[in-house]
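Open the model in a viewer and show it as a cartoon. The stops below go from the whole chain to single elements, with a selection at each one.

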Amino acid sequence: MDTAPQHNINQRIRAQQVRLVGDNIENQGVYSLSEALRMADEMELDLVEISPNADPPVCKVIDYKKFLYQQKKKQKEMKAKAVQVVVKEIRFGPNTDDHDFEFKLRHAEKFLKEGAKVKAYVFFKGRSILFKEQGEILLLRFATELEELGKVEQMPRLEGKRMTMFITPKKKK
C-alpha cells in the first residue's frame, strides 16, 4: 500500500490563497494559507485540500484520518451495491431425450429464480453437426418452456461446434 496521502494536507499545500469550506467554519471564504493553517491548528484538526484544481484551491478543516475512513466506507458501500451477474451453463447434446431435457429445465428454472443468467448450449461432437436443426429446435423449446421466468437475450447461434443461447431472468415486480 502506498504511504503517500491522496490529498495535500497541512504543510503540503502549496497555494498562497485557499478557499475554506466546512461545517466548522463560520466565515467561509478565501484566506491566506498561514491563516487557514492557524485556524485548523486552533481546532486541533487538519487542513485538507479537497479540490486542488480550483482557483483558489478548496480546503476543508477536518480530521484527516476520519475523512479517509469515511471515504473507504463509502467505496465499500458502492462496491456492495454493484450487481454481479452470474452466468450458469447448461449443456445439451443434439439428441437429448425428454427426461434429461426436463431435468436440465428444472435446473435452469432454479438458476433464473436466483437471478443468474443461463447460457444453454448444444455441443455437436464429430458428425453430429449434421443435426444442427435438431439442436436449434431443442434450444427454442427450452426458451419457450422458460418464458415465464426469463427472456431470451440472444437467439440460438452456431459458433464452431456449439450452438449457444442466453436467457436472462425477468425483473421481479
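The protein has four helices and eight strands; helices (H or I, at least four residues) and strands (E, at least two) are DSSP runs, numbered from the N terminus. From that end, the elements run β-β-α-β-β-α-β-α-β-α-β-β. This is a predicted model, in which local features need pLDDT of at least 70 and side-chain atom pairs count only at pLDDT 80 or more, while totals for chains, interfaces and linings use all residues. Residues are numbered from 1 along each chain as its sequence is written, and side-chain values use heavy atoms, with hydrogens and water left out.

**Whole chain.** Select everything. The C-alpha trace spans about 80 × 35 × 25 Å along its principal axes. The radius of gyration is 30 Å, whereas a compact globule of 173 residues would have one near 16 Å; the radius is taken over C-alpha atoms, and the globule rule is 2.2 Å times the number of residues to the power 0.38.

Select 17–21, 29–32, 46–51 and 58–62. Four strands form an open sheet in the order 2-1-4-3, with mixed pairing; two strands pair if DSSP finds at least two bridges between them. Strand 2 (29–32) and strand 3 (46–51) are the edges, each pairing on one side only. The twist averages 45° from one strand to the next. Strands 3 and 4 run antiparallel, joined by five bridges; pick Leu47 and its bridge partner in strand 4, Val61.

Axes here are lines fitted to C-alpha atoms, for helices over the stretch in contact (heavy atoms within 4.5 Å), and angles run from 0 to 180 degrees between N-to-C directions.

Select 87–92, 117–123, 150–159 and 162–169. This open sheet of four strands has the order 5-6-8-7, again with mixed pairing. Its edges are strand 5 (87–92) and strand 7 (150–159), each pairing on one side only. Here the twist averages 20° from one strand to the next. Strands 5 and 6 are parallel over six bridges, and Val122 in strand 6 is the bridge partner of Phe92.

Now show helix 3 (residues 98–113): it packs on the sheet, touching strands 5, 6, 7 and 8, and its direction makes about 170° with that of strand 5. Finish with helix 4 (residues 132–145), which also touches strands 5, 6, 7 and 8; its direction makes about 5° with that of strand 8.
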